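User: I would like to go through the labels attached to this structure and hear, for each, the value and the cut-off behind it. Please start with the aromatic rings.

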Amino acid sequence: MSRHATAPELAQAKAEGLHNIGEAAQLSGVSAKMIRHYESIRLIPEAGRSVAGYRLYSDADLHRLRFIKRSRSLGFSIKQIETLLGLWDNRSRESAEVKRLALDHASELAEKIREMQTMQRTLEDLARRCHGDDRPDCPILQDLAAECCEGSGAGRA
């Protein structure tokens, strides 16, 4: 079978509702670079090609890209998104599994928030103890040196 018989011209592909990568990026909100990346890691299926070799994306591909984008905006990892996509594709799935994944992720986010709030409080406390003037004495640097260099003899504030 010749290449022309299996791959459409770009104009024909557009007439059939297919989109090149630039259009897919614009319509999905996912950059062309990320679309290529998601394709390379098989998060989306390999794109069809035009006669000239341009990637072609269907409306279903765009929907999948939007799903990935929304998942990323909620902080899901690529591995978690792979799982979510598998569940989304599986019409016989149990919603309990999806709920468990979402709640597990929410718990992970809550832990990260707690850790970041602790970091914030520590930095605010250190900044309060720092005079912030022309003296070299600095509790912030002393704390950082004590944490990273304790016992090494390398610390100097």
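Analyst: The structure holds 1 aromatic pair, where rings of Phe, Tyr and Trp (for Trp the six-membered ring) pair if their centres lie within 6.5 Å. This is a predicted model, in which local features need pLDDT of at least 70 and side-chain atom pairs count only at pLDDT 80 or more, while totals for chains, interfaces and linings use all residues. Residues are numbered from 1 along each chain as its sequence is written, and side-chain values use heavy atoms, with hydrogens and water left out.

User: What makes the pair of Phe67 and Trp88 stacked?

Analyst: Planes under 30 degrees apart count as stacked, those over 60 as edge-to-face and the rest as tilted. The ring centres of Phe67 and Trp88 are 4.4 Å apart and their planes stand at 15°, so the pair is stacked.

User: Which parts does the pair tie together?

Analyst: Phe67 belongs to helix 5 (residues 59–73) and Trp88 to helix 6, so the pair ties together parts that are 21 residues apart in sequence. Helices (H or I, at least four residues) and strands (E, at least two) are DSSP runs, numbered from the N terminus.

User: Why is Phe67 called partly exposed?

Analyst: Buried means under 20% relative accessible area and exposed over 50%, with partly exposed in between (1.4 Å probe, protein chains only). Phe67 has a relative accessible area of 22%, and therefore counts as partly exposed; Trp88, at 27%, is also partly exposed.

User: How do you know that Lys79 and Glu82 meet in a salt bridge?

Analyst: A salt bridge is a side-chain nitrogen of Lys or Arg within 4 Å of a carboxyl oxygen of Asp or Glu. Between Lys79 and Glu82 the N to O distance is 3.6 Å, so the pair meets that cut-off. Both residues lie in helix 6 (residues 78–89), 3 residues apart, about one turn of the helix. Lys79 is exposed at 61% relative accessible area, whereas Glu82 is partly exposed at 34%. A search of the whole structure finds 9 salt bridges.

User: What makes Asp104 and Arg100 a salt bridge, and how exposed are they?

Analyst: The side chains of Asp104 and Arg100 come to 3.1 Å, N to O, and therefore qualify as a salt bridge. They sit 4 residues apart in helix 7 (residues 95–129), about one turn of the helix. Asp104 has 37% relative accessibility and counts as partly exposed, and Arg100 is partly exposed at 43%.

User: How do you know that the buried residues of helix 3 line one face of the helix?

Analyst: The buried residues of helix 3 (residues 21–28) are Ile21, Ala24, Ala25 and Ser28. Seen down the helix axis, they fall within an arc of 100°, so they line one face of helix 3; the arc is that of the directions from the helix axis to the C-beta atoms. What covers these residues includes helix 4 (32–40), strand 2 (55–56) and helix 5, where contact means heavy atoms within 4.5 Å.
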